[in-house]
Amino acid sequence: MVQFFDGIPDHLAKWALTQPVFFTASAPLTGSHVNVSPKGLPSSTFTIFTPNSAAYIDATGSGSETVSHVYENGRVTIMFCSFDASPRILRFFCWGRIVEYDDRKRFLELLGRMGKEEIEGARAVVELRVWKVQTSCGYGVPYLSACPVPDADEVEGIRAELKDRETMGHWASKRIEKNELRKYQAGNNAYSLDGLPALRAALRDAGKSVLWERISARGRRVIGQKETLGMGVVMGILMVFLWQMVVVRFN
């Protein structure tokens, strides 16, 4: 159900640009907020240059979370999903770079490469280096259906309505009937893409120690904070040096 690619295949690039909306997800290295933002029509604001590079036009909005997060740590994920009869979720895992509107030369050059006109109120172009692509089933995403409105004439008697797909429940029921659901969870839900422990029941079913996995994850987190560790070492050396100066001064 899940597939990974090192870049954007042609058929997925074409599919992405026909979807009605795309989303961005980002987060700071510290702080409590994780941001998710719906963006514009992909065919109007998003361009895929190569299998590993893309860009989108960022319009002025009420917040600036994605821009601030990309400036801080570069991480951003782009998601497309289908609302029609054929379900699919598509994610681009990216490193981003911000080109603001007042950097006129680079900004206009990027718009030219994208084949886009300057949009009124656009504040930046977000360049994307795509390092991993993921597709998944999308069974849990509702689909858009045309539904008749009771007691309305034929012209105005249709409205768009989001409906749940029956595929997710049907898929899960089949797994349960075959006694395969917990095995599937153990194989797919025990860890995140970065190796963090996830569903604890899945870890236990996979024969893992939940406590050990949590301790290991915390250790990797501490080791991974290189800047913090480096600053701690520098501060420690500085404190030793200052203490020696104090000792020498008063002896």
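Me: Is Glu 180 buried, partly exposed or exposed in this predicted model?
Reply: Glu 180 has a relative accessibility of 31%. Buried would need under 20% and exposed over 50%. That value sits in between, so Glu 180 counts as partly exposed.

Me: Which side chain does Glu 180 meet in a salt bridge?
Reply: Side chains of opposite charge can pair when their charged atoms come close. Here the N to O distance is 3.7 Å, and the cut-off is 4 Å. Glu 180 pairs with Arg 175.

Me: How many residues apart in sequence are the parts that Asp 205 and Arg 182 tie together?
Reply: The two form a salt bridge, with their closest N and O atoms 2.7 Å apart. Asp 205 lies in helix 7 and Arg 182 in helix 6, so the pair ties together parts whose separation in sequence is 23 residues.

Me: Is Arg 182 buried or exposed?
Reply: The cut-off for exposed is over 50% relative accessible area. Arg 182 has 56% relative accessibility, so this residue counts as exposed.

Me: How far apart are the closest N and O atoms of Lys 39 and Asp 58?
Reply: These two form a salt bridge, with the closest N and O atoms 2.9 Å apart. Lys 39 sits in the loop between strand 3 and helix 2, and Asp 58 in strand 5, so the pair links distant parts of the chain, 19 residues apart. Lys 39 is buried at 19% relative accessible area, and Asp 58 is buried at 1%.
Reply: Strand 3, strand 5 and helix 3 each give two or more residues to the lining. The largest share, three residues, comes from strand 5.

Me: How many charged residues are in the lining of the largest pocket?
Reply: The largest pocket has a volume of about 2100 Å³ and is lined by 49 residues. By class, 26 of them are nonpolar and 14 polar, and the charged ones number nine.

Technical notes. Residues numbered from 1 in each chain as written. Predicted model: local features only at pLDDT ≥ 70, side-chain atom pairs only at ≥ 80, totals over all residues. Heavy atoms only, no water. 1 Å grid on protein atoms, 1.4 Å probe; cavity = no way out; pocket = protein on both sides within 12 Å on 5 of 7 lines; lining within 4 Å. Points joined across faces, edges and corners; volume = space filled by probe spheres on them. Nonpolar A, V, L, I, M, F, W, Y, C, P; charged D, E, K, R; others polar. Helix = DSSP H or I, 4+ residues; strand = E, 2+ residues; numbered from the N terminus. Buried < 20%, exposed > 50% of the residue type's maximum accessible area, 1.4 Å probe, protein only.
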